[in-house]
Amino acid sequence: MPRLLLRLIIVSLFAASPVLAQQGVQISFGQSLQLEGTALEVTADDLTVDQTTGATEFTGNVVAEQGDLHISAQSLRLVYTQDTQTGSQRIARLVASGGVTMATPTEALEAREAVYDMDAQTLEMTGSVMLVQGANMLSGERFVADLRSGSGRMMGRVRTIIRME
């Protein structure tokens, strides 16, 4: 299912390529993938909570949504930390594995595993990573993005398709 979703997104993004080409070739890294501001809604087959650490793991057909960001995977682990200002716990990291797809209206990422660090605002994806932005596509084995600055790096036998039309 995640691969089908990614293919549908790719087709729709390529259909929009004439508009994107008029705006010029631009590759930004993950700026629309920031998790913040609104509630995170997660649906899965199973949920396990570790009462001592507060870690939460969703397994089986996981779908997580926050605003325009959609994440699908076989497993999603939420790691919590103590918020020093409020004294309550908050999500510090999300770890997704098993056919991970992250999609927004402007970009889509696919990999075997993804680690999203909320504090550092970084995203690291590993294992057959594919990033699609408009008519452009990048792939490799490891992708690291600084979501604050929009900078990123794809590593491991990188393949790039940049449409110039």
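**Figure 1. Where is the place of Asp83?** Asp83 lies in the loop between strand S4 (69-82) and strand S5 (89-103); strands (E, at least two residues) are DSSP runs, numbered from the N terminus. The model is predicted, so local features need pLDDT of at least 70 and side-chain atom pairs count only at pLDDT 80 or more, while totals for chains, interfaces and linings use all residues. Residues are numbered from 1 along each chain as its sequence is written, and side-chain values use heavy atoms, with hydrogens and water left out. Asp83 has a relative accessible area of 17% and is therefore buried (under 20% relative accessible area, with a 1.4 Å probe and protein chains only). Leaving aside residues up to four places away in sequence, Asp83 touches Ser88 and Arg90, where contact means heavy atoms within 4.5 Å.

Figure 2. A search of the whole structure finds one cavity of 30 Å³ or more. A cavity is a set of points, on a 1 Å grid over the protein atoms alone, where a 1.4 Å probe fits but cannot get out; lining residues have an atom within 4 Å of a point. Grid points are joined across faces, edges and corners, and the volume is the space filled by probe spheres set on the points. S4, S5 and strand S6 (107-117) each give two or more residues to the lining, and S5 provides the largest share, four residues. By class, the lining has 10 nonpolar residues, no polar and no charged ones; Ala, Val, Leu, Ile, Met, Phe, Trp, Tyr, Cys and Pro count as nonpolar.

**Figure 3. The largest nonpolar core.** A nonpolar core is a set of buried Ala, Val, Leu, Ile, Met, Phe, Trp, Tyr and Cys residues joined through side-chain atoms within 4.5 Å. The largest one has 25 residues, and those with the most contacts inside it are Leu76, Met102, Leu109, Leu123, Met125 and Phe143. The elements that give two or more residues to this core include strand S3 (56-66), strand S7 (122-133) and strand S8 (136-146). S4 supplies the largest share, five residues. Beyond four places in sequence, the residues touched by Leu76 include Val42, Phe58, Val62 and Leu94.

**Figure 4. Ala108 in strand S6.** Ala108 is buried, with a relative accessible area of 0%. Ala108 and His70 are 38 residues apart in sequence, and their C-alpha atoms are 9.4 Å apart in space.

Note on methods: Buried < 20%, exposed > 50% of the residue type's maximum accessible area, 1.4 Å probe, protein only. 1 Å grid on protein atoms, 1.4 Å probe; cavity = no way out; pocket = protein on both sides within 12 Å on 5 of 7 lines; lining within 4 Å.
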